[in-house]
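Have the coordinates open while you read.

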Amino acid sequence: MWLVGILCLAAQIRSDQTVVFYPSYAYQDPTTGAWEGYIHGVIYKRETHCLWRAGVIALVGRCLDVPIGSPEAQILAERLQEFLADRQQGKEIRIRFGQRTVSAGLSGPDGYFRSWVRISAAEVCRLASGAGGWIRYTALLPPGDNRTFEGRLQLIRPKGLSIISDIDDTIKHTQMLDSWQMLLNSLVRPFRPVEGMAAVYRQAAEAGLVVHYVSASPWQLFVPLEEFRQKEGFPPGTFHLHHVRFDPGALVEMFSGPKDFKITQITQILKHFPHRRFILIGDSGQQDPEVYGELARQYPQQVVGIYIRRVTPESPDSPRYQKAFAKLDPALWKIFEKPEELSKTLTKLLSDANKKGG
């Protein structure tokens with residue numbers, strides 16, 4: 001009985017703890033028709049009156065020349081909250097799919113939890129709703145706790161077209177090549193969209209394309225990034241961000257995920273959907289051309305388009321691009337400056353796909 005009691009305590013989410021679920025996907029098992037859904041998120045406790053955290057926020061504010069009491073100071077404090085939150089270890093997160101309750105995993109030292117959940121075809125028919133085939137679920141809370149922590153899984157069919165999109169300097173102005181401006185745009189200023197990109201992505205989603213947002217931005221910025229996505233009208237999609245540890249002495253490094261990070265994240269998506277075709281969209285500011293070129297050579301049957309937003313001076317015939325896209329069909333990749341150029345190429349690609357039967 002004592003073991004049962006311990007497990008019950010582990011499942012409890014206290015009233016001072018917050019759970020954030022990250023939008024993810026489910027893929028279909030071709031042999032059974034059932035679905036495998038990836039559930040992941042974080043549990044933490046905000047300590048609004050902690051002197052140490054207040055001191056760190058003030059220190060970062062001084063380093064970034066943020067005036068005390070300004071609107072920018074408020075944004076900085078809010079965005080640093082999850083970096084400085086007290087991550088909760090050893091918490092079993094249980095979730096409810098309709099009438100069924102399952103475990104979403106046990107949180108580790110960093111507060112993150114993750115698990116795969118099997119969903120029957122019958123459950124999918126009952127629970128899936130809305131365009132895009134999303135299933136929503138909620139965290140199981142103790143009696144008397146009336147809060148709601150909701151997550152969602154996108155049911156992605158085995159065949160079709162998908163977009164894998166970077167975020168920083170692809171759909172959101174971040175200025176990754178200027179460390180000072182990058183920190184201000186990431187931590188202090190309201191997020192600004194790249195004009196016209198939301199309309200292009202909405203058009204693609206309305207035509208049936210699935211969107212995966214894959215970025216080296218820290219998971220700690222997921223909530224403001226999701227608010228930005230909704231406010232600016234980018235379509236819902238799965239998020240794949242970077243796990244980092246907060247270090248006030250190495251702020252720039254927190255936003256500079258290694259090349260291998262994106263390759264690992266995108267490779268997992270490609271392997272889960274071997275019969276889907278993918279359009280990779282990024283920018284020239286960091287390593288998107290090199291990452292996407294490498295993936296296109298490894299998965300030539302799946303990567304059908306690479307589109308790079310130009311934020312650096314290289315021309316398409318520069319040594320950089322010739323090396324990044326070596327051995328690839330020149331028609332596979334394109335450097336663009338205006339969203340209208342991307343829209344035209346996506347429309348043509350979708351038309352060609354429809355003629356070939358998806």
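This is a predicted model: local features need pLDDT of at least 70, side-chain atom pairs count only at pLDDT 80 or more; totals for chains, interfaces and linings use all residues.

**Notes on packing and pairing**

1. Let me start with H2 and H3, which are oblique to each other; that word covers whatever is left once angles under 35 degrees count as roughly parallel, over 145 as roughly antiparallel and 65 to 115 as roughly perpendicular. Helix H2 spans residues 51-63 and helix H3 residues 71-84, and they pack at about 130° with their axes 10 Å apart. The axes are lines fitted to C-alpha atoms, for helices over the stretch in contact, and angles run from 0 to 180 degrees between N-to-C directions. From H2 the contact takes Trp52, Arg53, Val56, Ile57, Val60 and Gly61, and from H3 it takes Leu76, Ala77, Leu80, Gln81 and Leu84; contact here means heavy atoms within 4.5 Å. By class, these residues of the H2 and H3 contact are eight nonpolar, two polar and one charged.

2. Residues are numbered from 1 along each chain as its sequence is written, and side-chain values use heavy atoms, with hydrogens and water left out. The element labels are DSSP runs numbered from the N terminus, helices being H or I with at least four residues and strands being E with at least two.

3. H3 also packs on helix H5 (residues 179-187), at an angle of about 85° and with the axes 8 Å apart. That makes H3 and H5 roughly perpendicular to each other. On the H3 side you'll find Ile75, Leu76, Arg79, Leu80 and Phe83, and on the H5 side Asn185, Ser186 and Leu187. Sorted by class, the H3 and H5 contact has five nonpolar, two polar and one charged.

4. Now the sheet. It is open, has six strands in the order E14-E13-E10-E15-E16-E17, and its pairing is parallel; two strands pair if DSSP finds at least two bridges between them. Strand E14 (238-242) and strand E17 (333-336) are the edges, each pairing on one side only. From one strand to the next the twist averages 20°. H9 lies against this sheet, touching E10, strand E13 (210-218), E14 and E15, and its direction makes about 160° with that of E13.

5. Have a look at E15. Six bridges join it to E10, and six join E15 to E16. Isoleucine 279 has isoleucine 163 as a bridge partner and glycine 305, in E16, as another. Aspartate 283 stands opposite arginine 309 in E16.

6. How enclosed is E15 by the rest of the structure? Largely, because eight of its eight residues are buried, meaning under 20% relative accessible area, where exposed is over 50% and partly exposed lies in between (1.4 Å probe, protein chains only). Arg276, Phe278, Leu280 and Gly282 cover one side, and Arg277, Ile279, Ile281 and Asp283 the other.

7. Helix H10 (residues 288-298) has Asp288, Pro289, Val291, Tyr292, Gly293, Leu295 and Ala296 buried. Those residues pack against strand E10 (160-165), helix H9 (259-272), strand E15 (276-283), strand E16 (303-309) and helix H11 (319-324).

8. Isoleucine 95 stands opposite valine 102 in E6. Two residues lie between the strands, and glycine 98 takes a positive phi near 60°.

9. Lysine 45 sits in strand E3 (residues 35-45) and is buried at 18% relative accessible area. Setting aside residues up to four places away in sequence, lysine 45 touches Arg14, Asp16, Gln17, Ala85, Asp86 and Gln88. Arginine 46 falls in the loop between E3 and H2 and is partly exposed at 36%. With neighbours within four places excluded, arginine 46 contacts Asp16, Glu78 and Gln81; its C-alpha is 7.4 Å from that of aspartate 16, though 30 residues separate them in sequence.

Note on methods: Ala, Val, Leu, Ile, Met, Phe, Trp, Tyr, Cys and Pro count as nonpolar, Asp, Glu, Lys and Arg as charged, and the others, Gly among them, as polar.
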